[in-house]
Amino acid sequence: MFKKALDAKSQQRLSGADRKKLKRSIRLRFPAASDADVDVLLPPKAEITIFKYPNRILVYGLEGDCPMFFDCDGRGSEIFPTVYALWKVPNLLPAFMLKGGEVSRFMLGGADLMFPGIQIPAEGFPSFSAGEPWAVKVPGNPAPIAVGTTTMSSAEALKAGLRGKALKISHYYRDTLWELAENCYVPNAGFFEDAVFEDPALISGGQASDSCEDHLLVGQTNAINDEFMGDNSAADGAPSILDSSSAEEPIVTKEANEQITTAMAELQVKDDTSGIESNVDDQPLLSVEDVDTLLDKCLLQALHTTVKDKDLPIPGSILWSGHILPCRPSGISLDIKKSSHKKLSKWLQSKSAGGLISVKEDKHKKEVMVLSVNRKHVDYTSFKPEKKKVEKNEQPGKNIADEGQLQKLLDVVEIYKPTTHVNPIFAAVGADTGKLYSSSEAYEIVFGYIEKEKLVKQADKSMVVLDATLCDALFKGAIKKGSMYPTEIHKKDIGQSFVNRMQANHLVIRGEHSAVRKGALKPLQILTERRQGNKKVTKLSGLESFLIDPETLASELQKKFACSTTVSELPGKKGLEVLVQGGVIDDLARHLVEQYGVQKRYIEVLDKTRK
């Protein structure tokens, strides 16, 4: 977005009303930001300048300082912080951690962030939705280097095997937006012109204790050497350079060093003991044998409950973070380094040698891939998976205060209806073609057909051979005339291709009420415009799709905003429209999100009063 230099179309100071509106938009966009954080980024007494560019991008900066925020669409719904803002408030956005500083060279060259370049934490892959703003960091450096938008959700990423684009980068260190500051600077010495590495100050701070101990040992060694050299010179009859007073100094230094060394050793023992006691309080200490047993148990639990044949082949890191770690007992951490295998690849290879699974090492990604599971293995058949008990809430009043709050809980589910293209697949597995199915249920049906007809390619388990029925279901009518139909397809592409051939519907659930409608869910529309007398009015439509009563909402808004509200029919369309006096576009959107559970991606905002 800021790879090439752009000249601002106009530049002006923000008024007091626009400053307040900007702060409201920032709080709505970044819920983790406190009022103190916003004041740090936009000080109350500082002048804020807005730069307008030809491509509708707005940049907000401190006058005489650096840019702090930029708006991609100019409507206030796609506001992002700059790296300067993230350097002042690093926790403003969640961040992906790169696998190393070398990966940052691609980021600073203008490339988007790909999933193979992300370091997966030990606690598992983070949860996120598509279209969320995220930052990018380098290991060992707390300062973010880029900011962008997620291209898919974490669930979709895991289904895709963590392949493809993770983050569409909007702004990065050393782009033209970074150069817009009057005094460009870097947060620490880890930032170079073409790459970013760990902060040397953090490394030196972590090694300070080691260097202190080294100096003590060197001082003690020098004292012993000086004393030894003094004895040798006296024995040889050579004149001694040191007098009696100076000869005692090495001995005093030696005794002092011994006392310091002893005190540090005692302190180290006390620290280690306190750490062990805290660990004992938090969780039980496991031996190497216990860790090995727990690893095997979690693997078998995952193979029985979450790992399906349609998910194979699967990278070892995804198997570990998405399937094995969630199966560990609560309150107990699982670390592969504390086992006898030390590495995940060696452990998986040992399971492959035992015949439970089959693995193959991917030399390009330097990772072990799990190809198949032997579900007839003795360990698999003899293991009884644990069923997690759903804890019933004894005090429902803590979660849901009253029935009114229950009515404000919203859930939107995408469901699909079989069409003439896929009806033969449903009929072959005995499924009802008149029902509505979720995407996961549709996946199970098509993979059930593949398993029934034994269409998995024996030479490559990740590929599926297309017979006439499956080929027609996926490609009939979609291939241009004269083109050849494919004979095989990758497993990861079958599910989505199958769902795309079904009719899309959506199920909206609010409390005890639900409704099924064809097509994708249309978002709510909030519009602000000027009427006679230069007065602002805000219109809200599309409430029926979300099972919201316009009359009830109008009554709530009248009390909340202390203004008049009316409900009228949409001209030329079906449905009702709520009209609110005043420019309350941001407050109205926040009310729908907080009180009615409407996600931000289902709200369209248009402010026609902006010049």
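Helices (H or I, at least four residues) and strands (E, at least two) are DSSP runs, numbered from the N terminus. With that in hand, welcome to the chain above, a predicted model in which local features need pLDDT of at least 70 and side-chain atom pairs count only at pLDDT 80 or more, while totals for chains, interfaces and linings use all residues. Residues are numbered from 1 along each chain as its sequence is written, and side-chain values use heavy atoms, with hydrogens and water left out.

Let us begin with the whole chain. Its secondary structure comes to 19 helices and 24 strands. Of its 611 residues, 37% count as buried, where buried means under 20% relative accessible area, exposed over 50%, and partly exposed in between (1.4 Å probe, protein chains only). A contact means heavy atoms within 4.5 Å; among contacts with a separation of 6 or more, 59% are between residues 24 or more positions apart.

Now look at strand 8, residues 133-138, where six of the six residues are buried. In a regular strand the side chains alternate between the two faces of the sheet. Here both faces are covered, with P133, A135 and K137 buried on one side and W134, V136 and V138 buried on the other. Two strands count as paired if DSSP finds at least two bridges between them. Strand 6 (residues 95-97) pairs with strand 8 in the parallel sense over three bridges, and M97 has K137 as its bridge partner. Strand 9 (residues 141-150) pairs with strand 8 in the antiparallel sense over five bridges, with V136 opposite A146. Strands 8 and 9 form a hairpin with two residues between them, and G140 in the turn has a positive phi of about 85°.

Next comes helix 11, residues 344-353, whose buried residues are W347, L348 and K351. Seen down the helix axis, these buried residues fall within an arc of 95°, so they line one face of helix 11; the arc is that of the directions from the helix axis to the C-beta atoms. They pack against helix 9 (288-305), helix 10 (316-324), strand 12 (357-362) and strand 13 (367-373). Just after helix 11, G355 takes a positive phi of about 90°.

Some loop residues deserve a visit too. Most residues other than glycine have a negative phi. K342, in the loop between helix 10 and helix 11, has a positive phi of about 70° although it is not a glycine. R174 also is not a glycine, yet has a positive phi of about 80°; R174 sits in the loop between strand 10 (165-172) and helix 6 (200-206) and is partly exposed, at 31% relative accessible area. Is T82 buried or exposed? At 0% relative accessibility, T82 counts as buried. T82 lies in the loop between strand 5 (79-81) and helix 3 (83-88), and, leaving aside neighbours within four places in sequence, T82 is in contact with P67, M68, F69, F70, H171 and L177.

Finally, a search of the whole structure finds one cavity of 30 Å³ or more. On a 1 Å grid over the protein atoms alone, a cavity is a set of points where a 1.4 Å probe fits but cannot get out, and lining residues have an atom within 4 Å of a point. The largest cavity has a volume of about 50 Å³, a volume being the space filled by probe spheres set on the points, which are joined across faces, edges and corners. Its lining is formed by K21, S25, R75, I585, D586, V605, D607 and R610.

Notes: 1 Å grid on protein atoms, 1.4 Å probe; cavity = no way out; pocket = protein on both sides within 12 Å on 5 of 7 lines; lining within 4 Å.
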